[in-house]
Structures are given as structure tokens and as C-alpha cells.
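Work through the exercises below with the structure open. Try each task before reading its solution.

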Amino acid sequence: MHPLAGRTVLQILPALEAGGVERTAVDVARALVAVGARAVVASEGGRGVAALEADGARHVVFPAASKNPLTMAANVGRLARLVRAEGADILHARSRAPAWSALGAARLAGVPFVTTAAGIHSGKSAPKRFYNSVMARGDLVIANSGFTASHIARQHGAPRGRLVVIPRGVDLAAFDPAAVDPARVAALRAAWAVPEAAKVVLLAARLTSWKGQSVLLDAAARLGRADVVLVLAGDAQGRERYRDGLIAQAEALGLADRLRLPGHVADVPAALLAADVAAVPSTEPEAFGRGATEAQAMGVPVVASAHGAVAETVLAPPAVAADARTGWLVAPGDPDALAAGLTAALGLAPDDRAALASRARAHVAALYGLEAMTRATLEAYVRLLHDAGR
């Protein structure tokens with residue numbers, strides 16, 4: 001019997017939409033249920049609730065997204081009551097606003113408090129740094145990369161509790177080229193209206209400026225190739241002005257007929273196989289950057305910005321020899337450097353592409369698999385309960 005069998009872990013986050021934080025919460029809930037524990041997630045809901053409940057976890061609608069100080073204060077009591085009602089043994093917060101409420105609730109209810117730092121928040125003012133510091137106040141602090149752990153220590157000093165690095169995990173069963181029906185790939189290329197002989201460069205990320213969509217458009221204009229279609233797959237999330245600006249930029253660069261903006265794409269494995277290259281041109285450092293690990297798991301050449309945690313997950317010279325490369329790392333915000341990386345990736349000979357794909361998938365399987373992430377998280381929970389005498 002697993003040490004967590006019969007235990008209850010309550011996770012709280014703003015909503016259950018399509019981001020990496022949300023996906024990780026669902027993955028951990030599934031792993032808890034699999035070992036006989038109860039998994040409860042409190043959030044304002046979203047498209048991930050159905051998957052969560054299908055895995056046997058429980059969702060509780062909770063006003064967790066609010067940053068209003070009065071709501072956050074009221075949430076302390078609400079959450080403490082929920083902890084008691086659910087018999088939660090651990091309270092795990094995955095975002096700053098609910099983490100402040102969870103910190104107070106955990107103390108009221110007398111249960112261990114866990115935080116996962118999955119973003120890079122660099123407050124320039126003392127009040128902002130204090131607000132961000134809640135993610136370093138857990139009895140257990142989980143960082144999703146070495147880069148995030150270093151950032152926490154630099155910004156907030158050593159966390160009060162134990163700090164562990166648990167990289168975000170890729171579902172290697174879902175992100176497996178052999179598991180994707182070619183019909184799924186063909187359907188996406190058809191939906192994107194991609195000509196049969198065209199090369200697809202995919203950027204799968206929500207439409208926000210720091211994800212680098214604009215830099216990618218500038219880089220594409222420098223390629224000098226009329227056969228490259230750019231697919232910017234992601235929700236605008238209300239940023240319609242930014243989306244319209246990308247369309248205007250593409251028109252000005254002569255790329256309008258080769259730009260696709262399909263919105264959210266649910267079938268990410270098929271989308272990656274429909275691409276010739278995956279781009280991760282973030283202009284700000286990623287705390288983890290699942291786009292790079294998912295692309296490598298699918299054996300798709302990735303060209304990414306050389307900063308943040310992506311520089312940990314993608315192997316490229318000079319950190320490794322050329323024959324150990326799993327992708328390209330280029331200067332952030334530099335369209336010329338990005339264009340050079342895209343040119344190299346698009347120009348791979350079939351044998352070289354196959355060798356890179358094999359190395360990349362093996363690299364992710366060894367270090368960034370979903371099973372490794374969930375196992376490490378559950379082990380951290382067990383150690384926390386033991387240390388707390390529970």
C-alpha cells in the first residue's frame with residue numbers, strides 16, 4: 001500500500017484552463033488517485049475540469065482567481081473550512097493569489113502548506129516582491145526547474161521550508177510519434193490550409209507578446225523561403241489587439257498568405273507532427289517551457305531562445321558536442337539569430353533529422369517524463385507528512 005493511500009491532497013489554483021500549471025495539477029491529481037489517495041482541486045473551473053473528474057478526482061468551485069485583497073482575506077476562512085470538510089492532509093497552492101489565502105488557511109487548519117513556483121516574477125518594488133514571496137513560504141517549495149529555484153533564492157533568500165526541483169513532466173504515452181494516427185496529422189494540416197509541399201513552423205503558445213510571435217514573424221521574413229507556413233497556435237485570451245497587430249505585421253512583411261492563427265489546438269502531439277520545426281522564441285525567460293520538451297518528445301526539431309529553463313531542457317553547442325544536439329538555442333529577441341536556427345533545422349537531411357529526433361526523445365524520456373514528475377511529487381508529499389509527524 002502506498003504511504004499516501006487514504007490521504008487527501010487539496011490543490012488550489014485560479015482556474016483549470018489549458019496552461020502548464022493547470023495540466024500539472026491534473027497530472028498530479030491523477031497520480032494521487034492511482035495510489036489510492038483522494039485528490040481535490042479548488043479553482044474557478046475551466047476546460048480541464050472534465051479531465052480531472054474523469055480521472056476520479058474531485059473539483060470544488062472556489063473564487064481562487066481573485067486578487068482583490070478583501071476576497072483573498074475572506075478566502076482564508078473559506079479555504080480552512082474546505083480543508084476541514086474534505087479532511088485534507090496537505091494544502092498545495094500553485095499560484096500567488098490563492099497561495100496567500102492558502103498560507104493562512106493551512107495555519108488555521110493545522111496542515112502542511114506546499115507551493116509550486118512555476119513562473120518567474122521579478123518585482124521591482126518592495127510591495128511587489130513581498131507579494132511574490134508567498135511562493136517561497138511553503139513548508140515544501142517545489143520549483144519546476146533549476147532556473148526557477150535559483151530565481152527564488154535570489155529574490156527571496158532561502159525558502160523557509162525545504163526547496164526541491166521537480167521539472168514539469170511530459171506524458172510520453174501521449175507525446176509519442178508512434179501513437180499518433182497519421183489521419184490526425186493530415187486533418188490538422190488540412191484545417192490549417194497548408195499546401196502539401198509546404199514546410200510548417202509551429203509556435204504553440206498563447207498569444208502574448210513575450211512568447212515571441214512577433215520575433216518569429218520578423219525571422220520568417222528573413223528566411224527568403226516562400227514554402228514556409230507559420231502556425232501560431234494559441235488562445236488570444238482577450239488580447240485581440242495583439243492578435244490584430246500580428247496580422248498587420250504579417251501583411252507588412254509579405255507573409256499574410258502564409259500565416260495561420262487557428263486559436264487553441266487541443267491535439268498538441270498531432271500539431272507537432274504536422275510541423276517541420278517547433279519554435280519557442282520567448283523574449284522573457286521561461287520558468288520551464290513545456291513547448292520545448294514536448295517538441296523533443298515528438299522528435300520535432302526545436303529552435304528556442306537561449307535563456308531561462310529552456311536552456312536546461314534543450315541540448316545545443318557549446319554546452320554539448322554537435323552530435324549530441326537535441327535542438328537549437330538562439331539569442332532571445334534576435335530575428336536574425338532565430339532565422340539562422342530555423343534555416344539549419346529546416347535544412348536537416350533525413351538521416352540527420354532522424355538521429356536528432358531519436359536523441360531528443362531519449363533526452364526527454366530520461367529527465368522530463370510525466371511519471372518521473374508525479375513520482376517525485378508524491379515522494380515529496382510523503383516526506384513532508386513524515387517530517388510534520390502526520
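**Exercise 1. Find how strand β1 and strand β2 pair, and over how many bridges.**

Solution. Locate β1 at residues 8–12 and β2 at residues 38–43. They pair in the parallel sense, over five bridges. Two strands count as paired if DSSP finds at least two bridges between them. Strands here are DSSP runs of E with at least two residues, helices are runs of H or I with at least four, and both are numbered from the N terminus.

A note on the model: it is predicted, so local features need pLDDT of at least 70 and side-chain atom pairs count only at pLDDT 80 or more, while totals for chains, interfaces and linings use all residues. Residues are numbered from 1 along each chain as its sequence is written, and side-chain values use heavy atoms, leaving out hydrogens and water.

**Exercise 2. State the strand order of the open sheet, and which strands stand at the edges.**

Solution. Seven strands build the sheet, ordered β3-β2-β1-β4-β5-β6-β7, with parallel pairing. The edges are β3 (58–61) and β7 (162–165). Each has a single partner strand, so one side of each lacks a neighbour in the sheet. From one strand to the next, the twist averages 20 degrees. Contact means heavy atoms within 4.5 Å.

**Exercise 3. Describe how α3 packs against α4.**

Solution. Two packed helices are described by the angle between their axes and the distance between the axes. Axes are lines fitted to C-alpha atoms, for helices over the stretch in contact; angles run from 0 to 180 degrees between N-to-C directions. For α3 (residues 69–86) and α4 (residues 96–109), the angle is about 50 degrees and the axes are 8 Å apart. The two are therefore oblique. Angles under 35 degrees are roughly parallel, over 145 roughly antiparallel, 65 to 115 roughly perpendicular, and the rest oblique. The contact includes Met72 and Leu79 of α3, and Trp100 and Leu108 of α4.

**Exercise 4. Describe how α8 packs against α13.**

Solution. Helix α8 spans residues 213–223 and helix α13 residues 335–346. They pack at about 60 degrees, with axes 8 Å apart. That makes α8 oblique to α13. Among the contact residues are Leu216 and Arg222 of α8, with Leu338 and Thr343 of α13.
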